[in-house]
Amino acid sequence: MREEVSVSYQNLIVEKSGSRAEVTVNRPQALNALNGQTMEELTAAFRALDADPDVRVVIVTGAGDKAFVAGADISAMADLGVTEARAFARLGYTLGLTLAGMKKIVIAAVHGFALGGGCELALACDFIYASDKAKFGQPEVKLAVIPGFGGTQRLARRVGAARALELVTVGEPISAEEALRIGLCNRVVAGGRDALLEEVRKVAGQIAERGPVAVALAKQAVRESLELSLDAGCRYEGDLFAQCFATADQKEGMRAFLEKRPARFQGR
Ligand code: CAA
């Protein structure tokens, strides 16, 4: 990967390679647990990457061989009061809402533990690929708290209320295969972290070749489908479909097909 560190962060590594960016949570000594600073850095990094015209797809992963992210940082939470806990939760849900609002597709590459806030970070991404060594879970009740970064909300939408309730009240982790079976992750890749990243980069590369405005509008349409009735959603999709026809890329994409040549998209 041609590496280019764009901005320096204390707890993240942000690398760009062509149209792809990779954000690695880099606190392996704490299994990449999310403290306040890490969440602020993630939110800032995603906002910057969304505004960066060179970047078309973002991959999120964790440093080291043990964890994607093993949760919110327990040492940062242990002594919080109610008001501080609300502020801490706000950092997490702001991060999740930032990811959802991005024009670019964000793929979570999960190797090792994705627990608590780590599972919630993965769930806030557009989709999840996992290594066969991944473990997903919402163990918060073992600490006598509940998920605070959108886990109850996104898990219920992703896997249904009954499975979400099982995960957040039993608190035991599930394997990558089980996560695949219930639709929590999209794909499981054998062969460790490197094999997982190779696969995710391949898919990211495919998305990066598509019309960027169309990818952004597709994300917007699918995300809104969770909030709208089918009727309103289909009308909304029709409006976004029509918007594509205001772009040079739509003309290029269809002309290239008819002329039997690859399309060259400009993102407008
Ligand atoms: N916060 C802070 N530190 C953490 C952490 C976390 N969530 N998870 C792991 N660490 C630290 C450990 O304290 C340990 O540090 P030291 O070496 O300084 O002792 C280091 O990372 C390595 O961890 P372990 O020695 O525990 O590693 P292990 O292989 O024995 O166990 C594990 C791995 C099962 C993931 C275990 O670390 C664990 O259970 N971690 C906590 C998982 C958890 O409860 N996550 C949910 C947090 S609450 C939350 O996320 C709330 C929310 O939604 C907002």
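Begin with the lining of the largest pocket: its residues divide into 15 nonpolar, 4 polar and 9 charged. Here Ala, Val, Leu, Ile, Met, Phe, Trp, Tyr, Cys and Pro count as nonpolar, Asp, Glu, Lys and Arg as charged, and the others, Gly among them, as polar. This is a predicted model, in which local features need pLDDT of at least 70 and side-chain atom pairs count only at pLDDT 80 or more, while totals for chains, interfaces and linings use all residues. Residues are numbered from 1 along each chain as its sequence is written, and side-chain values use heavy atoms, with hydrogens and water left out.

Next, select Ala100, Asp126, Val222, Arg223 and Leu226, which lie nearest the centre of this pocket among its 28 lining residues. A pocket is an open set of points on a 1 Å grid over the protein atoms alone where a 1.4 Å probe fits, with protein on both sides within 12 Å along at least five of seven lines; lining residues have an atom within 4 Å of a point. The volume is about 780 Å³, taken as the space filled by probe spheres set on the points, which are joined across faces, edges and corners.

Then colour α9 (212-225), one of the elements supplying at least two lining residues; α9 gives the largest share, 9 residues. Helices are DSSP runs (H or I, at least four residues), numbered from the N terminus.

Move to the second largest pocket, with a volume of about 560 Å³. Ala72, Met77, Glu140, Leu143 and Val145 are the closest to its centre. Its lining has 18 nonpolar, 6 polar and 4 charged residues.
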